[in-house]
Amino acid sequence: FMLVQFLRGIPRDMEEAAEMLVEMDTKAAADAVAEMEMPLAVRVIEDLVDEDNAAYAGQLIQAMAPDDAVDLLQEVEESHRENLLKGLPYMQAAKLRRLIRYDRESAGGIMTTDYIAVIESNTIAQAIDAVRRQMVPDEMQQVLVINRHGVLKGTLSLGSLLLHGSQERASEVMKPLDPAVD
């Protein structure tokens with residue numbers, strides 16, 4: 001938080017801001033960029049690319065939550081965006097390219113591609129094991145419940161996993177989808 005406050009105070013010297021980010025741990029720097037005002041974040045990322053540091057800028061994008069990365073990439077100049085995406089692993093770049101196409105305010109624009117899904121016949125113990133095996137993003141609050149055909153049936157909050165018996169079935173304790181959505 002203090003770094004973000006400091007970076008906001010030097011909007012005319014993006015080179016200095018970019019140099020400070022390079023000195024930080026990648027995840028902390030990515031978090032700092034994600035918390036910046038969008039125009040500042042864009043200028044910092046573009047400055048990194050302009051200063052032949054596109055690989056590091058790509059690492060920052062890669063370390064961000066997908067929705068934060070997409071928001072930033074939608075604002076970055078297209079030539080910079082392509083340089084950044086070229087440096088990412090193929091699957092992540094493809095995922096981000098797909099999300100970039102959506103308007104920021106549309107349902108697609110606010111979605112994320114990070115999720116955990118369990119089959120409705122799984123027990124709560126199996127659902128907890130599935131969560132433990134995954135890297136759960138900080139912002140994730142729910143686990144998706146699907147049927148054996150991959151159709152979304154409902155959701156389980158992470159908190160509900162702790163409150164229900166380990167042998168109860170996900171289908172018994174999930175919050176079902178609104179029938180209008182199903």
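**Chat about a predicted model**

Q: Which helix does His 80 lie in?
A: His 80 lies in helix H7, which covers residues 78-86. Helices here are DSSP runs of H or I with at least four residues, strands are runs of E with at least two, and both are numbered from the N terminus.

Q: And what kind of model is this?
A: This is a predicted model, where local features need pLDDT of at least 70 and side-chain atom pairs count only at pLDDT 80 or more, while totals for chains, interfaces and linings use all residues. Residues are numbered from 1 along each chain as its sequence is written, and side-chain values use heavy atoms, with hydrogens and water left out.

Q: OK, back to His 80. Buried or exposed?
A: His 80 is buried, with a relative accessible area of 7%. Buried means under 20% relative accessible area, exposed means over 50%, and partly exposed is in between, using a 1.4 Å probe and protein chains only.

Q: What does the side chain of His 80 make a polar contact with?
A: The partner is the side chain of Asp 50, at 2.7 Å. A polar contact is a pair of N or O atoms within 3.5 Å; within protein, one must be able to donate a hydrogen and the other to accept it, and residues adjacent in sequence count only if both atoms are side-chain atoms.

Q: Which residues does His 80 touch?
A: Leaving out residues up to four places away in sequence, His 80 touches Glu 46, Val 49 and Asp 50. Contact means heavy atoms within 4.5 Å.

Q: New topic: Gln 92. Buried or exposed?
A: Gln 92 lies in helix H8 (residues 90-100) and is buried, with a relative accessible area of 17%. Gln 92 touches Ile 61 and Gln 62, not counting residues up to four places away in sequence. Gln 92 and Gln 62 are 30 residues apart in sequence and 7.9 Å apart in space, C-alpha to C-alpha.

Q: Now the sheet. In what order do the strands come?
A: The order is E1-E2-E3-E4, in an open sheet with mixed pairing. Two strands pair if DSSP finds at least two bridges between them.

Q: Which strands stand at the edges?
A: Strand E1 (117-119) and strand E4 (175-176) do; each has a single partner strand, so one side of each is left without a neighbour in the sheet.

Q: How do E1 and E2 run?
A: E1 and strand E2 (residues 142-146) run parallel, joined by three bridges. Ile 119 stands opposite Ile 146 in E2.

Q: And E2 with E3?
A: Those run antiparallel, with five bridges. E2 and E3 form a hairpin with five residues between them, and Gly 150 in the turn has a positive phi of about 85°.

Q: What joins E3 to E4?
A: Two bridges join E4 to strand E3 (residues 152-157), and the two strands run antiparallel. Thr 155 stands opposite Lys 175 in E4.

Q: Last one: how many helices and strands in the protein chain?
A: There are twelve helices and four strands. Of the 182 residues in the chain, 39% are buried.
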